[in-house]
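Please look through the structure below with this short report beside it. The text moves from a sheet to the surroundings of a ligand, and then to a single position in a loop.

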Amino acid sequence: MSSQDDLSQEQEQEQEQHGTLIVDQSVSLTISADSLLILDDRRDRKIDRSCCGLLQPKPELNHAISLYNILGAEVTASNLVIAYAQYAAKDDVSVTTVQYPISEKEKKAAETWVQQLLDMAYGKALRGKRLKILINPFGGKGAAASLYQRYAAPVFAAAKCQVDVQSTEYRGHAIEIAENLDIDAYDAVVCCSGDGLPYEVFNGLGKRPDARKALAQTAVALLPCGSGNGLTWNAFGTGSVSIAALAIVKGLRTPLDLVSISQKDSRTLSFLSQSFGIVAECDLGTENIRWMGAQRFTYGFLVRLIRQTIWPCDIAIKVEIGDKERIKEHYAAWTTRPQDLDADTKRFEIAAKSPGLPELKYGTVTDELPQGWEVVSGETMGNFYAGNMAIMSKDTNMFPATLPDDGLMDVVTIDGKVSRGTALSMMNEIPSGRFFDMPDLNLRKASAFRLVPHQKEGYISIDGERIPFEAFQAEVHQALGTILTKSGRFYEAEGPR
Ligand SMILES: Nc1ncnc2c1ncn2[C@@H]1O[C@H](COP(=O)(O)OP(=O)(O)OP(=O)(O)O)[C@@H](O)[C@H]1O
């Protein structure tokens with residue numbers, strides 16, 4: 001006789017209310033606020049029997065699985081099967097499955113319980129997401145395809161995500177794929193690459209006649225297979241492919257500001273950063289030492305620092321918040337405001353009215369400089385760095401006050417003539433966030449800026465990609481794009497202190 005036969009209707013109801021299911025007579029599965037508690041008494045029963053029932057072993061709480069880690073659960077012909085992500089090492093999860101035999105009589109209760117478990121485990125996250133997976137075979141150290149197969153594919157399969165995998169075959173291929181994507185067939189585009197492929201995907205979506213709708217509807221996510229992987233760090237706080245895959249499965253749609261970059265007659269979109277000076281050079285001028293991995297940025301930085309290189313330019317900024325204390329207040333107010341539950345609906349309403357990319361409020365770089373912009377001296381510019389996300393790569397919380405959708409970007413300028421000691425201590429204090437308050441670091445929250453280089457040759461980096469070394473103008477569009485995040489906001493990197 002199964003345990004279920006022994007239960008009165010009242011007991012059954014009570015179990016359902018507490019999210020407890022008894023299977024195989026002696027396995028109790030209880031859903032709590034944040035965990036699934038598995039009390040498997042089957043081994044204990046054996047011990048009990050061998051002790052002639054004299055020693056009643058206390059039921060042990062022998063397994064607790066965080067609901068966040070639950071990937072899937074189902075009732076098959078004769079089993080209840082639960083799949084979850086288990087920490088295999090500090091930076092990895094692997095898929096583990098447990099199953100318990102189920103009698104015909106137990107099935108109905110088990111099916112109801114499974115629904116309850118999945119509702120709790122997924123919360124507001126969409127289940128069984130339909131994912132367009134793009135693999136850059138040359139991203140990072142060239143291992144994106146094998147990283148995907150080994151660490152991400154099993155997580156997506158266990159979560160019953162539908163995947164459509166495609167490798168990019170040439171530079172710019174992801175732009176074409178996104179431009180022609182059937183956006184109703186996918187919930188997210190997942191790039192297995194560095195930040196280069198997400199940059200192309202945003203730009204491909206931005207080239208469509210229904211750009212606004214496509215950018216609002218299609219979430220972009222990154223499985224970290226490059227060197228910087230800024231998108232993954234900001235969205236999920238990890239550099240691990242398997243943990244990022246779990247975060248995608250459980251990811252929440254989150255609106256993201258995007259930045260239009262105009263140069264001559266071109267217009268592109270940026271989601272991460274724009275840099276000129278030392279950072280752009282470290283990013284793009286160190287391709288010859290790519291084998292160093294992420295260390296190449298540090299090495300490139302130190303070499304240029306020692307030389308005290310400067311990059312003269314003209315800069316004008318449409319400043320919205322110009323001092324650090326007010327920036328901190330803005331950050332605190334924004335992060336504690338009640339969530340706008342209609343944010344997505346509003347975006348789709350705007351997209352229905354004007355489907356193309358938003359108009360440029362400030363024109364392009366070839367227009368006259370708009371009134372009211374602050375002109376910043378750039379004669380001895382060392383580092384011009386504008387950020388739309390906080391973290392640029394592991395431990396580089398470069399823009400601690402950035403917010404996903406406040407319609408502002410954070411613009412940092414550092415004079416190239418600051419002493420080597422000051423520059424080095426700024427670099428050292430990036431992980432702690434203390435560099436934010438250093439007087440030589442100028443910070444403004446801006447809605448637009450223009451930069452005109454004086455020299456003939458050099459590097460300008462947009463999201464880590466090189467653009468021509470010519471004047472460009474940037475203008476932010478509030479909540480134009482969409483990413484997946486763990487909690488509906490950037491990962492809890494240290495905010496400004
Ligand atoms: N099959 C391909 N052949 C050549 N280039 C490609 C191919 N697929 C994608 N690319 C290009 O590779 C560039 C870099 O991509 P990605 O950012 O993914 O890797 P990465 O540069 O190694 O990463 P990181 O920027 O973190 O160093 C992109 O500009 C993209 O257009």
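In this predicted model, L37 has A64, a residue of strand 4, as its bridge partner. Strand 3, which covers residues 35–40, pairs with strand 4 in the antiparallel sense, and four bridges join the two. They belong to an open sheet of four strands, ordered 1-2-3-4 and paired antiparallel. Because strand 1 and strand 4 each have a single partner strand, they stand at the edges, and one side of each is left without a neighbour in the sheet. On average, neighbouring strands of this sheet are turned by 15 degrees against each other, direction ignored. Helix 4 lies across strand 1, strand 2 and strand 3, and runs at about 135 degrees to strand 1.

| Element | Residues |
|---|---|
| Strand 1 | residues 20–23 |
| Strand 2 | residues 27–31 |
| Strand 3 | residues 35–40 |
| Strand 4 | residues 63–66 |

The ligand has 23 residues around it, of which T168, S193, G194, G196 and G226 come nearest. Helix 7, at residues 196–206, gives the most to this shell, with three residues. By class, the shell holds four nonpolar, 14 polar and five charged residues.

According to an unreviewed UniProt entry, the feature "domain: DAGKc" is placed at residues 126–265. This span is 40% helix and 26% strand, and its end C-alpha atoms lie 40 Å apart.

P370 sits in the loop between helix 14 (343–353) and strand 16 (374–376). Is P370 buried or partly exposed? Because 14 C-beta neighbours lie inside 10 Å, P370 counts as partly exposed. Its C-alpha atom is separated by 31 Å from that of I391, 21 residues apart along the chain.

Methods. Residues are numbered from 1 along each chain as its sequence is written. This is a predicted model: local features need pLDDT of at least 70, side-chain atom pairs count only at pLDDT 80 or more; totals for chains, interfaces and linings use all residues. A residue is near a molecule or strand if its C-beta atom, placed from the backbone, lies within 6 Å of it. Ala, Val, Leu, Ile, Met, Phe, Trp, Tyr, Cys and Pro count as nonpolar, Asp, Glu, Lys and Arg as charged, and the others, Gly among them, as polar. UniProt positions are given in the numbering used here, feature names are shortened, and annotations may be inferred rather than shown by experiment. A residue is buried if 20 or more other C-beta atoms lie within 10 Å of its own, exposed if 12 or fewer, and partly exposed in between; C-beta atoms are placed from the backbone. Two strands pair if DSSP finds at least two bridges between them. Axes are lines fitted to C-alpha atoms, for helices over the stretch in contact, and angles run from 0 to 180 degrees between N-to-C directions. Two residues are in contact if their C-beta atoms, placed from the backbone, lie within 7 Å.
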